[in-house]
Amino acid sequence: MASPSICLLAALLALVAWQAIASDPSPLQDFCVADMHSPVLVNGFTCLDPKYVNADHFFKAAMLDTPRKTNKVGSNVTLINVMQILGLNTLGISIARIDYAPLGQNPPHTHPRATEILTVLEGTLYVGFVTSNPNNTLFSKVLNKGDVFVFPQGLIHFQFNPNPHQPAIAIAALNSQNPGAITIANAVFGSKPPISDIVLAKAFQVEKGTIDWLQAQFWENNHY
């Protein structure tokens, strides 16, 4: 039988490891509703005085059952995070409805602060993520209604609706109150100020004129 000291050490190591991989800090109280008017800057938001908290701080009439208009890449991400529900502060979770037009996509992007688990509600999606250097391995799958897929934190991933006639709908849950999103094309070709076309031409091994054309495009955001 293991000694009490070894059991305690194992428990402490497990606790430290869990904290190390957690996306958001764990709450130290029942809730910490975000105080958007506080001048104090912290990692997240300061807590509103509990005596001013009410049920509406944990609620939003988000109408996530309502179809959304998609943009020119054919998608619309309706994210519900701490900016929409102040009660999510310190709770480490958010949710999104994603609408896909026929042949629409949620283009390659990353969430720097969250792992995502996606469930297809309607239609079919071709999804995938790419591992980090040096292997850059693609893990992809065709999902149908009711299927679930996980995108690990920080890895580039995408979703595409291969059906030319029918839209698709998915719900995604993310383990951060503010997961963030970096759409690769927008960040690389639509940064403000722009990245040097010389740098990008060298990086992508194309002519500088190709980069200039790409940077001249309107890189629309699909997160609303």
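How many aromatic pairs does a search of the whole structure find? The search turns up 7, where rings of Phe, Tyr and Trp (its six-membered ring) pair if their centres lie within 6.5 Å, and planes under 30 degrees apart count as stacked, over 60 as edge-to-face and the rest as tilted.

Some ground rules before the tour. This is a predicted model, with local features needing pLDDT of at least 70 and side-chain atom pairs counting only at pLDDT 80 or more, while totals for chains, interfaces and linings use all residues. Residues are numbered from 1 along each chain as its sequence is written, and side-chain values use heavy atoms, leaving out hydrogens and water.

The chain has 4 helices and 10 strands, taken as DSSP runs numbered from the N terminus (helices are H or I, at least four residues; strands are E, at least two). From the N terminus, the order is α-β-β-β-β-β-β-β-β-β-β-α-α-α.

Back to the rings. Phe129 and Phe149 make a tilted pair, 6.1 Å centre to centre with 50° between the planes. Phe129 sits in strand E5 (residues 125-130) and Phe149 in strand E7 (residues 148-151), so this pair ties together parts 20 residues apart in sequence. Phe129 is buried at 11% relative accessibility, and Phe149 is buried at 15%; buried means under 20% relative accessible area, exposed over 50%, and partly exposed in between (1.4 Å probe, protein chains only). Ring pairs also link Phe129, Phe139, Phe149 and Phe151 into a cluster.

Then there's Phe189, buried at 11%, and Trp219, partly exposed at 28%. Their ring centres are 5.8 Å apart and their planes at 25°, so the pair is stacked.
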